[in-house]
Amino acid sequence: MNRLFGSKPTGPKPTLNGAITNIDTRIASLDTKLKALNAELSAYQEKLSRMREGPGKSAIKQKALKVLQKRKAYEAEKEKLESQVWNMEQAQTMQDNLKNVMTQVDAMKTTNKELRKQYGKIDIDKIERLQDEMADLMDVGNEIQESLARSYDIPDEVDETELDAELEALGLEQELEMEMGGQVPGFLQDEAVPEFVDEAPQAEDKDKMKQVAG
């Protein structure tokens, strides 16, 4: 059976990269042949340019035509091979892109699994309770600050009526002290002399004023 159909190949399976490499090698070989044919055609052209019309020139033209036909055949083969390489390179690019996509999908699946595992450990209700407790503690802190900043023995509000009464009482008390021979309060001593007075009263004038007042 193996003699008729052959045995199953045991070597590595062909790949696109391997096929592209093989075709590139063939294209390089064709380039070498084309270069040699172009050099041969250039030599025939130089000879024909120096020859006169005749049987010899016609024979060289026939040789140049055969070389030109061979070159065209090689160029057509090279073009086909380059088209094959282009198609395989496009397929290779699609295959590489597909591998990249599958890698990204696997990474996203793994990340999604880890996120579910981590978020599953978080209790939203517990976080809400912590937020409420923090808000309560902030309120308590504000109340403590307000309590510490409270003033002692100072009325919160004083109306104008009460202020006028206090000032009037202070004025009557000051007049009474003056009548009783008390001293002038410190905040009223050494006041500035009015502009219509030439000079401040002397000590004798002050005694006379006190006697008149008495």
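1. **Basis.** The model is predicted: local features need pLDDT of at least 70, side-chain atom pairs count only at pLDDT 80 or more, and totals for chains, interfaces and linings use all residues. Residues are numbered from 1 along each chain as its sequence is written, and side-chain values use heavy atoms, with hydrogens and water left out.

2. **Confidence.** The mean pLDDT (the predictor's confidence in each residue, from 0 to 100) is 78 for the chain. A score of at least 70 is reached by 70% of the residues. Helix 3 has the highest confidence, at a mean of 90. Helix 6 (residues 203-213) has the lowest, at 51. Where pLDDT is low, the predicted coordinates should not be read in detail.

3. **Fold.** The chain has 6 helices and 0 strands. Helices (H or I, at least four residues) and strands (E, at least two) are DSSP runs, numbered from the N terminus. The order along the sequence is α-α-α-α-α-α. Among contacts (heavy atoms within 4.5 Å) with a separation of 6 or more, 68% join residues 24 or more positions apart.

4. Helix 3 covers residues 55-119, which is 65 residues.

5. **Burial overall.** Of the 214 residues in the chain, 9% are buried. Buried means under 20% relative accessible area, exposed over 50%, and partly exposed in between (1.4 Å probe, protein chains only). The accessible surface of the chain is about 19,600 Å². Carbon and sulfur atoms hold 54% of that surface. These areas come from the Shrake-Rupley method with a 1.4 Å probe; for residues, only the protein chains shown count as cover.

6. **What is buried in helix 3.** The buried residues are Lys57, Ile60, Ala64, Val67, Lys78, Leu81, Val85, Met88 and Gln92. Helix 2 (16-50) is part of what covers them. An α-helix has 3.6 residues a turn, so residues three or four places apart point the same way.

7. **Lys57.** Beyond its neighbours within four places in sequence, Lys57 is in contact with Leu48, Met51 and Arg52. Lys57 also forms a salt bridge with Glu53, with the closest N and O atoms 3.1 Å apart. Glu53 itself counts as exposed, at 61% relative accessibility.

8. **Salt bridges.** How many salt bridges does a search of the whole structure find? The search finds 6. The criterion is a side-chain nitrogen of Lys or Arg within 4 Å of a carboxyl oxygen of Asp or Glu. Side chains of opposite charge can pair when their charged atoms come close.

9. **Helix 2 to helix 3.** Glu77 and Arg26 meet in a salt bridge through their side chains, at 3.7 Å, N to O. Glu77 lies in helix 3 and Arg26 in helix 2, so the pair ties together parts that are 51 residues apart in sequence. Glu77 is partly exposed, at 32% relative accessibility. Arg26 is partly exposed as well, at 43%. Lys70, in helix 3, has its C-alpha 9.7 Å from that of Lys33, at a sequence separation of 37 residues. Lys70 is partly exposed, at 43% relative accessibility.

10. **Within helix 3.** Glu75 forms a salt bridge with Arg71, the closest N and O atoms lying 3.6 Å apart. The two are 4 residues apart in helix 3, so about one helical turn separates them. Glu75 counts as partly exposed at 38% relative accessibility, and Arg71 counts as partly exposed at 22%.

11. **Nonpolar patch.** Leu115, Tyr119, Ile122, Ile124 and Ile127 form a nonpolar patch on the surface. Together they have about 490 Å² of accessible area. Patches are made of residues with over 30% relative accessible area and no salt bridge; like charges are joined within 9 Å, and nonpolar side chains (Val, Leu, Ile, Met, Phe, Trp, Tyr) within 5 Å. Helix 3 and helix 4 (124-148) each supply at least two of the patch residues. Ile124 lies in helix 4 and counts as exposed, at 53% relative accessibility.

Methods: The expected span of a helix is 1.5 Å times one less than its number of residues.
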